[in-house]
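Take a moment with the sequence and the model below. Keep both at hand while reading the paragraphs that follow.

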Amino acid sequence: MDERLEEDDKIALEELSLAPPHRKAHSYSHQLRTNTGTHNKHRHHQIRKHSLDENQIMINHTTSNNNAYNDGNSNSSDEDEFYPYSTTAVSVDYIGMSQRIEGIASRDGGACDEGQRLPQQPLPEFLGSGGDVGVFKAPNRAAVHPSRPTCLELRPHPLRETQVGKFLRAIASTETQLWAGQESGIRVWNYSDAYKPGIGTGGRARRGDEDAAPFYESANTSPTMCLMVDHGSKLVWSGHKDGKIRSWKMEQNFSEETAFKEGLSWQAHRGPVLSMVISSYGDVWSGSEGGVIKFWPWKSIEKSLSLSLEERHMAALLVERSFIDLRSQVTVNGVCNISSSDVKCLLSDYVRAKVWAAGSLSFSLWDARTRELLKVFNIEGQIENRADMSSTQDQTVEDEMNVKFVSKSKKEKSQGFLQRSRNAIMGAADAVRRVATKGAGAFAEDTKKTEAIVLTADGMIWTGCSNGLLIQWDGNGNRLQDFTHHPCGVLCFCTHGGRIWVGYVSGMVQVLDLEGNLIASWVAHNGPVIKLVVGNGYVYSLATHGGIRGWNISSPAQIDNILRPELAARENLYTRLENIRILVGTWNVGQGRASHDALMSWLGSAVSDVGIVVVGLQEVEMGAGFLAMSAAKETVGLEGSSIGQWWQDHIGKALDEGSTFERVGSRQLAGLLIAIWVRKTLRTHVGDLDVAAVACGLGRAIGNKGGVGLRLRVFDRIICFANCHFAAHLEAVNRRNADFDHIFRTMTFTRSSNLLSNAAAGVSSAAQMLRGPNVATVNPDEGKPDLAEADMFIFCGDFNYRLFGISYDEARDFVSQRSFDWLREKDQLRAEMKAGRVFQGMHEALIRFPPTYKFERGKPGLGGYDSGEKKRIPAWCDRILYRDSRAAPGQECSLECPVTASILLYDARMDVTESDHKPVRCKLNVDIAHVNRSIRRQEFGKILESNEAIRSSLEAQRFVPETAVSTNQIVLQNQDTFNLKITNKSGEDMVFFHIVCEGQSSIKEDEVPSDFRPRASYGFPLWLEVTPGAGMIKPDQVVEISIHHEEFHTLEEFVDGIPQSWWSEDTRDKEVILLVNVTGSCSSDTKIHRVHVRHCFSGNSVNPDKKANASSRHGPSSNQKNAPKHAEIGYP
């Protein structure tokens, strides 16, 4: 009897182990050809087969439409964000199809011979209930975002792996170009090329920039930290990590073949140049670590710029030694009046000719003309007198700096476990000490660190904090009010006319009015927005991953409503379809190790036509000591083990790693391990790997049970994989359901420390730091799990669901008879999915293989089931399920439903005996629809050019309200003042003005002015005060601008910051041209009034130590008499 049973088992095994024949192999170069082509690919989809022994199988899957959603909280993206869209379901006759399938199944007793299946024919699938509601609903997508303003994608989101050493850190805009600072130098886009297609794969652009608009790159430099534009000198200045400041000419002949080179450069700081600004008087200010602030007088820079290339070394030395160290000037008896924290931001207040220097928790305010320290105050607006600080607080600051320097010195070096533990202990001790010395408010202060600062058109200063707080200040450093419109950290600002743009760590952009009211918000990127600049009618946003998008300066506006349907109508021109196959394997290895033959049987035999291989292992290593050590390592950001590495290495050998496949990444949590390999021919289109881990063991803290996950971008679509191990034992169904729900809702993906070096990740260090306290709220769609936002996710693992209502002997009999349809009725997982209590809306192929648990190790055949004392009932513990983008059955792959999948192979390798579980594998055929960003940008430009309604809208956007100035000729003598009036003649629109100095000349004896020479950024000469230098004018109102001559005695020569002469005075008459730039609230154009101001030197000697008190020698000018009633100027 036993022998006959064994013989039957062998026959069953032989039949069940046969894999379906492979379809004719196609090279990946053929499969990927559509990626760069422009033709349309016909979509062929076979009707999916489904098992009909369940009425729930892919029936009653209702269609839902959700066009309306809050643009600020649940905003979705077209290709690379993971937020909801609306979609239309396609109806299919699933009942008729099910009847046909049931007829097929009934002829062979419910079992299907794998060897007889037709090539490419998908397997029938079971669909769990509950997938059409809540977080389990497939995300909606669209060709064009249905609510967000349509953007110009200057540089599409590059894969992170392509940016190592090349991450963009900053952007700045001139009138005709967008400049970007990267880790290896500078790059430039001409706005005239903004709508041109990218070079594509195989062009001169390196990987990651194939679809970017054409650009030019500089020669390699140290990483760029900040940029600023100097319109007066037609230069772009960059600050670098090596402490150097470099200049770059705007107007030069850029070449595709030759990298452009820097101009004047000098060593500015010992540490990195963190911030730069040009003051109202043309001086270059910069900030570095430790609170160091220096400035270089324009006169010394101008001299250096005038020298020839042969004299470059002399020029650099000249300007390098002319600096003024402001920190040393405000240090008395060893006590410095300003903070020693890093100078993160510098701001030129050109309204009042002041400079703001911002640290994390304090500010210093300086006079741009005299360079005197005016005020030091903290983030609460309270004045700080650092000279009176206690020695304890000074020591705290010093200790904080020491800790910082220790961590920074190690930043780019690999750190061992002991070193990282030491740093963690030091950080904890430092936090405790700060609490002891500063009080309990220290932690609260840390969440309010200043990250960005901006001057608005009404003369107010706004700062943004790491907790999302927006603070409004007046020009004297008085805190006025604060706002919170979003819980995530603020990273950047920009302003144009009457609007303030705010970029957040969550990827969101908000538009506010000057009162702080929220006008609009949307998710601009799927990563932190680190810079915003205005240029060429757009607000350009730079994300931490390097993507750059341009938003119309009037957005959201009517132009967006015109662009959106126009661009969507051209969907067929820029849609590309791809097909890949993914092999997923799961195996509970029971702390054992596998032979090469076992791995080949499980994985190696099925990868000939596969592009991605994902392997999930359970019980790689167990034991109380190992689990405790694993939990401890997780607290300091360490994971992995030598045995886990052994498994990865040996699986890699089975996959021909190195020649055919490339290992992309992995994540281990105690005994759980997930790893991924990608075929080398597909690697160009796969990246941005993030990892996650969720413990479900004791107290949700120990990793003996739980899940590990991977998230990656494949052809611009997000696919997630999760490997799970749920609670054991027959009766623990509810615990298993709870484990799944906990993992699904709490799995949060982050960048793996194993993937890239710290140096490569450094570009987003500020953003990563800010994410810490905001992890739960980083996602703008509050409460939306990371897995729910994916276009597709696949769960594999030892889920531990058992067979219920059946005895051990009955189960063995059903298995030996291959009556799997009866056994499925007893499957706990199937019952729970049918009831919608677990794996809601997920697909699984109908199981046609024997239960995979529990076997005696080393015993082949179905006779290997547990025959010991416990006689555990065989069960399908090891499973693989998926959810794709289909909101309803039958949807074809498109930009509205970008990822569709079917299962080609689902089996267990019964010949493998190294564990008490059998390894399971599942091969999926996946269709992916994505956008050719280069073609779409081209179409975007064509629409702007050809659509009359858009052209009219853009023309209207150029409108600038009419204004007038009271005179265009002003003559001043010593200490003289003239009030220039600017009138807004519009009765409806507000106007904004900004006054700069086009240039200065000296008057010759023949009364003819010499050539006008501009100062940096059109700064004023030191003898001229213009107050206010900028502001707004309400309709039908007038403002008065004070044009005042002030005697100055400047320190002409400095060597290493030491004055070489006390003062000198230019006795010649001088003339300047003031430009009154006027614009509207959202105008893309500017109107200019020119005003000539001449200073006539009186010839009377003046004591340099004494200033005249008279404001004017001649009394009020005719323009000041009988002046009309003027508006209150919109600044304090």
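Predicted model: local features only at pLDDT ≥ 70, side-chain atom pairs only at ≥ 80, totals over all residues.

Residues are numbered from 1 along each chain as its sequence is written, and side-chain values use heavy atoms, with hydrogens and water left out.

Helices and strands are DSSP runs numbered from the N terminus (helices: H or I, at least four residues; strands: E, at least two). Two strands are said to pair if DSSP finds at least two bridges between them. An open sheet is formed by four strands in the order β2-β31-β30-β29, with antiparallel pairing. Its edge strands, β2 (152-155) and β29 (529-535), each pair on one side only. On average, neighbouring strands in this sheet are turned by 25 degrees against each other, direction ignored. Angles here run from 0 to 180 degrees between N-to-C directions, and axes are lines fitted to C-alpha atoms, for helices over the stretch in contact.

Six bridges connect β29 with strand β30 (residues 538-543) in the antiparallel sense. Within this pairing, V534 is opposite V539 in β30. Helix α21 (residues 933-946) packs on the sheet and touches β2, β30 and β31 (548-552). Contact means heavy atoms within 4.5 Å. The direction of α21 makes about 135 degrees with that of β2.

The next topic is charge. Side chains of opposite charge can pair when their charged atoms come close. A salt bridge is counted when a side-chain nitrogen of Lys or Arg is within 4 Å of a carboxyl oxygen of Asp or Glu. The count by this rule is 48 salt bridges.

Which residue forms a salt bridge with E939? The partner is R570, and the closest N and O atoms are 2.7 Å apart. The pair links distant parts of the chain, 369 residues apart: E939 is in helix α21, and R570 is in the loop between α10 (558-569) and α11 (571-574). Buried means under 20% relative accessible area, exposed means over 50%, and partly exposed lies in between (1.4 Å probe, protein chains only). E939 is buried because its relative accessibility is 7%, whereas R570, at 21%, is partly exposed.

A second salt bridge joins R667 and E639, with 3.9 Å between the closest N and O atoms. R667 belongs to strand β34 (residues 661-669), and E639 to the loop between α13 (624-635) and α14 (642-654), 28 residues apart. R667 has a relative accessible area of 10%, so it is buried; E639 has 22%, so it is partly exposed. Salt bridges that share partners also join E153, R549, D716, R933 and R936 into one network.

The last stop is strand β13 (residues 293-296). In a regular strand the side chains alternate between the two faces of the sheet. In β13, I293 and F295 point one way, K294 and W296 point the other way, and all are buried. Strand β12 (residues 284-287) runs antiparallel to β13 and is joined to it by four bridges. W285 has F295 as its bridge partner in β13. The hairpin of β12 and β13 has five residues between the strands, and G290 there takes a positive phi near 75 degrees. β13 also pairs with strand β14 (residues 324-325), again in the antiparallel sense, over two bridges. Here K294 stands opposite D325 in β14.
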